[in-house]
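Student: Could we go through a structure together? I would like to learn how to read one.

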Amino acid sequence: MDKYECPCGYVYDPEVGDPENGVEPGTPFKDLPDDWICPRCDAEKDFFEKIDDY
């Protein structure tokens, strides 16, 4: 699954999810709730960009 990076440097990894904010591991970025925001800087999903695996 694709990873997405926020301008602040936070990387959303779908294999990890965001359990602290109710997102289970295995949740693809496209399936995140519309109101999900970056847990580090509160940026909305629209600010994230798909990144290549590293």
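Tutor: We shall look at the sheet, the salt bridges and an annotated site in turn. This is a predicted model, in which local features need pLDDT of at least 70, side-chain atom pairs count only at pLDDT 80 or more, and totals for chains, interfaces and linings use all residues. Residues are numbered from 1 along each chain as its sequence is written, and side-chain values use heavy atoms, with hydrogens and water left out.

Student: What is the order of the strands in the sheet?

Tutor: The three strands form an open sheet in the order 2-1-3, with antiparallel pairing. Strands (E, at least two residues) are DSSP runs, numbered from the N terminus, and two strands pair if DSSP finds at least two bridges between them.

Student: Which are the edge strands?

Tutor: Strand 2 and strand 3 are the edge strands, as each pairs on one side only.

Student: How many bridges join strand 1 to strand 2?

Tutor: Two bridges join them, and the strands run antiparallel. E5 stands opposite V11 in strand 2.

Student: Changing topic, how many salt bridges are there?

Tutor: A search of the whole structure finds three. A salt bridge is a side-chain nitrogen of Lys or Arg within 4 Å of a carboxyl oxygen of Asp or Glu.

Student: Which residue does K50 pair with?

Tutor: K50 forms a salt bridge with D2, with the closest N and O atoms 3.4 Å apart. This pair links distant parts of the chain, 48 residues apart: K50 is in strand 3, and D2 is in the segment before strand 1.

Student: And is K50 buried or exposed?

Tutor: K50 counts as exposed because its relative accessibility is 52%. Buried means under 20% relative accessible area, exposed over 50%, and partly exposed in between (1.4 Å probe, protein chains only).

Student: What about D13 and K3, buried or exposed?

Tutor: Both D13 and K3 are buried. They form a salt bridge too, the closest N and O atoms being 3.9 Å apart.

Student: Which residues does UniProt list for "binding site"?

Tutor: The unreviewed UniProt entry lists C6, C8, C38 and C41. They span 36 residues in sequence, yet no two of their C-alpha atoms are more than 8.9 Å apart, so they gather at one spot. UniProt positions are given in the numbering used here, feature names are shortened, and annotations may be inferred rather than shown by experiment.

Student: What is C8 in contact with?

Tutor: Leaving aside neighbours within four places in sequence, C8 is in contact with C38, R40 and C41. Contact means heavy atoms within 4.5 Å.

Methods: Helix = DSSP H or I, 4+ residues; strand = E, 2+ residues; numbered from the N terminus.
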